[in-house]
Amino acid sequence: MGSFGIDFSNRDALENTVSDNGVVTLQWDAVAGEGVEVEQVRSGTNGSKILYSGKDAATVVTGLREGRYSFRIRESKAGAWSEPVPIEVKFVSPRQLYSLLILGGIVVIATIGTIVRGALSLSEKEGEA
Amino acid sequence: MSILSASTVSRETGWIVVCLLGVIWVGLGVLWGKKAKNSEGFMLAGRNVGLSLGSATAMATWVTSNTTMLAPVFALTLGVWGMVAYSTASFGLLLFAVLAGRIRTLMPEGVTAGDFFRMRYGQAGWGIFLVITMLYSLSWLVSMAIAGGDLLYALAGIPYLEGMSLILLVCVLYTLFGGLYAVIGTDFIQSIIILVGIVLIGSLAFQQVSVSEVYEHVRVHQPALLDIAMPAALLAVFNNMLFGFGEVFHNNVWWSRAFAMKKSVARKAFALSGFLWFPIPIAAGCIALTAGPLGINIADENQTGPTVAAAIMENAGLGSVAGVVILIVLFCSMASSIDSLLAATSDLLIRDVQEKVFGKKLNDKNFRRQASLVIISVGLLAWLLALPHWPIVQVLFLSGPLVGSLIWPVIAGLFWRRVNVKLVLAGVVLGSVIGVTAYYMVAWYVATLMGAGVSMLFTIAARLVNPDSALASRFRIT
């Protein structure tokens, strides 16, 4: 638990994990009353936004671009914010990405090409016969 | 399970819906099972399945709970490329259309995929195939049973053990009575129900929010979902496509359908099912993308589909029937896969293990009794494995590189006369090992690609280095 009351129950896991696909799941213990508010801040910007407001006990954040983000939570709209939890989103390196994409392209084209070629050559043989 | 609380049906209603569906499927199984006069009728529906039933059964089998549950997750987490990635699994059906014609020509009397591997790659190849396909089929079957139990608990509060047991029992019963006739017939009805459900929920979603509003929300709040170069999503396209190729090309679920269809319709039926299946994950994915603009919170990404569908129906004033509709659609999508897996896996065990390993040749008289015993045993094994609620879906995902490494051996076996069998099999084993390693060391979205890539290199080399035509001669490859 953070020093102000409600906190993310998976804080340790969040702090020690780098998201490679821009997806983060934030979890906390459900509270009665008005529920909670969860806020997102992207490092290096002044902007923040309320991600979730309600009575659920988790929210899945998707579509984050590479960068450092922090999230904090508070009980009801007047409660104190928890300490922010930092999250890093880091995709695979461009070099690794392009190597794997080239490999994927070769395997898929070769697979489809071999099947189509095999079928065409058989139909030609059948035509000749 | 609070995420679906707005639309959960009562436990009584849940039991009534599921029992009603169960009675219908079992009743149809008994009715259609009367057509099966001999072993060929029971296992291959008399090799007489036409175009409409053939394409519907292939499509329905491919619409698993993974499609209705996972396609929305792909859209929500990987965006536009994620939807495309999931849809590329249809290419497996389209390409299998080409292979199906060849399979019927080469093996007019064939019964299982095991026949092909044994004839083409000998006992060693057949053994490797059996290990991979049983691991894959059982993990698919058990993960479906677990998903069924989870679904009934989430939607109707039916305890996991009761729900999981119920869905397995229903599928075992109608497969037991009706064989492939029942599986194909129920698949046809189930595929229509699934399509109607997805179209209904999709229509309701886009009555509540416009496409431009969805686009604007995603652009502002989930920008990576629209990025053309999102690495995980781009790599998922190739990985998913190859996973789909591997699943369809090797598994007896598809081979048994190829053998069951009339030779003249096999190609058309698989091609049609591929075209019909392609838009389903995109439709299911689009529904998931409306979550943000409609203010629907996703608390568990694995429940994205049911959560969004329930909220959309609630918004449309259909809250009281939302749970029932979702329950019916998802129950059908699970049943259509469980029955196919039960039938195909049982065929494989009877034909390949009982007859070939133990040398017990079955005549039509004792076949039905043996088939019943095997179907019940497979159902019981699946039940026992589903009982502890292990995360077996991880085993299914992990089987991607294993089935991916069988893609090229199938292609080579069907189209090439001469290959070096040892080299092909070495490629399957090494591809599986490297793919599984990549799963853990890199990410899930490269595992199947690595497995298929390594196997491809070895199979191509096997055509050039000391190729052997001895096995091909048994197979009448010209």
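Student: What makes Leu53(B), Phe188(B), Ile192(B) and Val196(B) a nonpolar surface patch?

Tutor: This is a predicted model, by the way. Those four residues make a nonpolar patch of about 310 Å². To join a patch, a residue needs over 30% relative accessible area and no salt bridge, and nonpolar side chains are linked within 5 Å.

Student: Which helix gives the largest share of the nonpolar patch?

Tutor: Helix 7 (residues 160-208) of chain B, with three residues. Leu53(B) sits in helix 3 (residues 51-62) of chain B.

Student: Now the two chains. Why is the pair Asp227(B) and Arg65(A) called a salt bridge?

Tutor: Check the distance: the closest N and O atoms are 2.6 Å apart. The cut-off is 4 Å, between a side-chain nitrogen of Lys or Arg and a carboxyl oxygen of Asp or Glu. Arg and Asp at 2.6 Å pass, so the pair counts as a salt bridge. The count between chain B and chain A is one.

Student: What else is there across the interface of chain B and chain A?

Tutor: There are 11 residue pairs in polar contact. On the side of chain B that touches chain A, helix 9 of chain B gives the largest share, nine residues.

Student: How do you know what kinds of residues make up that side of chain B?

Tutor: Sort them by type: 34 are nonpolar, seven polar and four charged. As for area, about 3400 Å² is buried between the chains, with carbon and sulfur atoms giving 72%. Pro231(B), Phe238(B) and Asn297(B) supply 15% of what chain B buries there, more than any other three residues.

Definitions and conventions
Residues are numbered from 1 along each chain as its sequence is written. Chains are lettered from A and ligands numbered from 1 in the order in which they are written. This is a predicted model: local features need pLDDT of at least 70, side-chain atom pairs count only at pLDDT 80 or more; totals for chains, interfaces and linings use all residues. Side-chain values use heavy atoms; hydrogens and water are left out. Buried area is the accessible area (1.4 Å probe) that two parts lose on being put together, summed over both. A polar contact is a pair of N or O atoms within 3.5 Å; within protein, one must be able to donate a hydrogen and the other to accept it, and residues adjacent in sequence count only if both atoms are side-chain atoms. Helices (H or I, at least four residues) and strands (E, at least two) are DSSP runs, numbered from the N terminus. Ala, Val, Leu, Ile, Met, Phe, Trp, Tyr, Cys and Pro count as nonpolar, Asp, Glu, Lys and Arg as charged, and the others, Gly among them, as polar. Patches are made of residues with over 30% relative accessible area and no salt bridge: like charges are joined within 9 Å, nonpolar side chains (Val, Leu, Ile, Met, Phe, Trp, Tyr) within 5 Å. Accessible areas come from the Shrake-Rupley method with a 1.4 Å probe; for residues, only the protein chains shown count as cover.
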